[in-house]
Amino acid sequence: MNAPAFTRRRFTGGLGALVVTFSLGPNLALGQERLPGSLQNNRRLDGWIRINPDGSATVFTGKVELGQGILTALAQIAAEEIDLPLARVRMISGDTRQTPNEGQTAGSQSIENSGTALRMACAEARAILIDLAAKRLGVATDQLKVADGVVSAPDGRKIGYSELNPDLNREATARATPKPPASHKIVGKSIARFDIPAKVTGGLVYVQDMRPAGMLHGRVIRPPRYGSKLDSADEAAAKAMPGVIAVVRDGSFLGVVAEREEQAIKAREALRQSAKWTLGPELPDPARIFEVIKSLPSKDATIGVKQGAAPADARTFEAVYTKPYMSHGSIGPSCSVAEFKDGRMTVWTHSQGVFPLRAELVKVLKMPAAAIRCVHVEGSGCYGHNGADDVAADAALLARAVPGRPVRLQWMRDEEFGWEPYGPAMVMHAKAALGGDGKIADWQYEVWSNSHSTRPESTDGTNVLAGWYLAEPQKMGPPTSPPQPAGGGDRNAIPLYDFPSQRVVHHFVQDMPIRVSALRTLGAYANVFALESFMDELATAAGADPVAFRLAHLKDPRARAVIEAVAKKAGWKDGEKGDGTRGRGIGFAKYKNLACYVAVVAEVVVDRATGLVSVPQTWAAVDSGLIINPDGLTSQIEGGIVQSVSWTLKEEVRFDKSGILARDWASYPILTMPEAPRVEIELINRPNERPLGSGEGSQGPAVAAVANAFANATGKRVRDLPLNPARVKSALG
Amino acid sequence: MAINLKVNGVPRSVTAEPDTPLLYVLRNDLELNGAKYGCGLSQCGACTVLVDGRAVRSCVTPISALETSEITTLEGLGSIDKPHVLQQAFIEEQAAQCGYCTSGMIMSAKELLDRNPRPNEPDVRAALAGNLCRCGTHNRIIRAVLRAAQASGRT
């Protein structure tokens, strides 16, 4: 079937072939001892750490820097355990030729998976070094002290790592004991990030900044809308334009390569104007999108059931909440540099997963994996699955047409907004019974959502854009949903509150009228919005203070602690009420029900005449277990709150039947500097608890806090996001 | 055709069409990484540079209009070994996550501090209103600019 489309049904002709797949790590052999974190799937010790002849260490991670500061945090963990100063630990990340395969850098899992692997691997490497030193010095291991890569005996004799030549080419055992938190010297400190000095002085940091010798510039011409087929384009005219080296057409994939960037852009525009397309199917009516989503075939799973009977005096309530499609909105459009030389393809990419990307390139380029190398280089922040992988495939297809010349391809702004996979639109339906004692007796919750993961390394077909438009097109991979407890569309759908009776249903909607995938938090942002809004609605019905109402339903002491801490920090007053234009609200979640605990209080100001909502101030309390880097954690939490306020007040990917309307920052506005809320954060360090992922912990609590503050301020509830002026004015009547 | 530009105090000659946006010449011909492509529409501020002291969007400024101008990019302020007071303040406040918007933020802040050496927080927010940040680093960026203003005031 030649017509490319985003709905798999259009390729398969029906839903019978659909299989829900969950990502298991590669090479998981039965019978092997389970190793912690990413050691499980990358079991060689020297795959993680090598001691160099000068006594320094090179540390390898499959996780990549996305601007979250992860390489600094992982280096802290490694340096702490191997007992070297940070300056003597070199990090290598995300390279199919050099590093462990840790899948995607996503889901706030890098500290938990890569950090755990590095902690165990470096502790084991240190133990091996100490054993070697003990033999050389003729002293028992427990007599030796280690500091800064030097092992010392009680009599003063010393031996450095550089002299020990340890053999780390062996299977990890994870039997060495990591250091107790009380002895940490590097972990737990606000170490300044390694990457920032170059970023603020114009260093060569980003894949966008690469300019290898002989580099050419590529651009791609996208169709007017999904699933369109290219009939013709004036390729000869484009080829005659100044600087144009090649026009590349493969089916409905059309691109151009030129000597200079502005020449490639001009040729792209000429090709765009001359291209004739047979248009793909119309998009749904945006006014009916939530009905459409609820009507599409879904795989339904009932999760989080507790059986109980509501008391006879219970009052019942219900509410429906919605969340629109949202864009990742990277400031820098996606970019890649690719070089095809001597039959081998090298792709420099800001993909979140170089190994999964390579697996897709194998299919799109029809080349063996061994001939493709994907190397991570930072890009603009992505916040999930944006155009990073797609542009890498585009660049590789163009590079293949000009062997020996590297091709740099950066998507244009309209292309990034129009073609990236969005965070899915979602519908949440909540019902509850409130007992005469003012407590929730029964909780019923249903969520409808498309897939939150159509990422690369699909089990069937491909998940990079270009692959669907080639003369021999690949079909789109099957939609997937991470299983509970982390969940996808149902992430955080199960309340952490202790209700005597509950039922939660996830309607995993298969067919995708609009291209979607992972946006930071997956379904958690929408589910926490709905769940925590409904908690406030029930608190109001019960005549209870929202903080007290939450605590009355919550046993988990760490959850209670963050709620109590944020209430104290914000100076929350029992039963505080807004004044018609100003109010405050609270939101809480334990991210994925298994990562960090975050509670947020937001203050909103509502301009009743214009319908504009602003959020001048927020407060947050965070428990991420053992804190690796307090300032790094603070940065992630405050960034998440500001981003969430932007999503909540402004963001919605607009479309009509003819296509996507979000094409620039005017048609997809985000929060600006004057509008950004101030953030005050309290960190609760728990050195004896394991470190918990935190990059996505604050978005859900923040949207709930803002929605609840709006209701607190005005007495009216907005259940549809975003809280834009039209919606606000309509709610205020 | 050859166009003469003065960038970071140094005369440079480049061969490009006169309508070429300054951004591509800075990045590709002069190999300066500071100014970034974000939108090409003068909407996001990632490409901001100073032209005769004014913050302009290099993505929509043709080189032909600049032959008599002094152009300053992020690299013209300071270096990794000798950072400008603004760059130093951004490091001290750890005022970057992905950092893609940072160069434009610093250049807009430079224009502000040159015009108003002692801005308050609302001044900083207003001066950076046309520079978009997506990571949510806004508060740190504001703090960094205020810190730079204070540091400049002391010297």
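Two residues are in contact if their C-beta atoms, placed from the backbone, lie within 7 Å. In that sense A:Lys657 touches A:Glu282, A:Leu283 and A:Asp285, when residues up to four places away in sequence are not counted.

The structure is a predicted model, in which local features need pLDDT of at least 70, side-chain atom pairs count only at pLDDT 80 or more, and totals for chains, interfaces and linings use all residues. Residues are numbered from 1 along each chain as its sequence is written, while chains are lettered from A and ligands numbered from 1 in the order in which they are written.

**Chain A**

Chain A is divided into three parts: domain 1 (37–199), domain 2 (207–280 + 328–419) and domain 3 (426–452 + 488–732). Domain bounds come from an automatic or database domain assignment. Between domain 1 and domain 3 of chain A, the C-alpha centres lie 37 Å apart. Their contact takes 18 residues from domain 1 of chain A and 21 residues from domain 3 of chain A. On the domain 1 side, α2 (70–82) and α3 (110–137) of chain A each supply at least two residues. Helices (H or I, at least four residues) and strands (E, at least two) are DSSP runs, numbered from the N terminus. The largest share of that side, 4 residues, comes from α2(A).

A residue is buried if 20 or more other C-beta atoms lie within 10 Å of its own, exposed if 12 or fewer, and partly exposed in between, with C-beta atoms placed from the backbone. A nonpolar core is a set of buried Ala, Val, Leu, Ile, Met, Phe, Trp, Tyr and Cys residues joined through C-beta atoms within 7 Å. The largest such core has 267 residues, and A:Ala78, A:Val566 and A:Ala620 touch the most other members. Leaving out residues up to four places away in sequence, A:Val566 touches A:Ile586, A:Ala599, A:Val600, A:Val601, A:Trp619, A:Ala620 and A:Ala621.

Helix α15 (residues 699–714) of chain A is mostly covered, with 16 of its 16 residues buried. A:Gly715 follows α15(A) and has a positive phi, near 80°.

A:Lys657 sits in the loop between β24 (655–656) and β25 (659–660) of chain A. A:Lys657 counts as exposed because it has 11 C-beta neighbours inside 10 Å. A:Lys657 and A:Lys229 are 428 residues apart in sequence, and their C-alpha atoms are 17 Å apart in space.

**Chain B**

Chain B has 6 helices and 5 strands. From the N terminus on, its elements run β-β-α-β-β-β-α-α-α-α-α. Its C-alpha trace spans about 45 × 30 × 25 Å along the principal axes. The radius of gyration is taken over C-alpha atoms, and the globule rule is 2.2 Å times the number of residues to the power 0.38. For 155 residues a compact globule would have a value near 15 Å, which agrees with the 15 Å of chain B. Buried residues make up 57% of the 155 residues in chain B.

Chain B is divided into domain 1 (2–76) and domain 2 (85–154). The centres of these two domains of chain B, taken over C-alpha atoms, are separated by 21 Å. In chain B, 14 residues of domain 1 are in contact with 13 residues of domain 2. The elements that give two or more residues to the domain 1 side are β3 (48–51) and β4 (54–57) of chain B.

In α3(B), the buried residues are B:Leu86, B:Gln87, B:Ala89, B:Phe90 and B:Ile91. What covers them includes α4 (196–199) of chain A together with α2, α4 and α6 of chain B. Just after α3(B), B:Gln94 takes a positive phi of about 50°.

**Where the chains meet**

The contact between the chains takes 49 residues from chain B and 49 residues from chain A. On the chain B side, α1 (22–29), α2 (74–77), α3 (85–92), α4 (102–115), α5 (121–127) and α6 (138–154) of chain B each supply at least two residues.

Ala, Val, Leu, Ile, Met, Phe, Trp, Tyr, Cys and Pro count as nonpolar, Asp, Glu, Lys and Arg as charged, and the others, Gly among them, as polar.

| Side | Touches | Make-up |
|---|---|---|
| Chain B | Chain A | 23 nonpolar, 21 polar and 5 charged residues |
| Domain 1 of chain A | Domain 3 of chain A | 7 nonpolar, 9 polar and 2 charged residues |
| Domain 1 of chain B | Domain 2 of chain B | 8 nonpolar, 4 polar and 2 charged residues |
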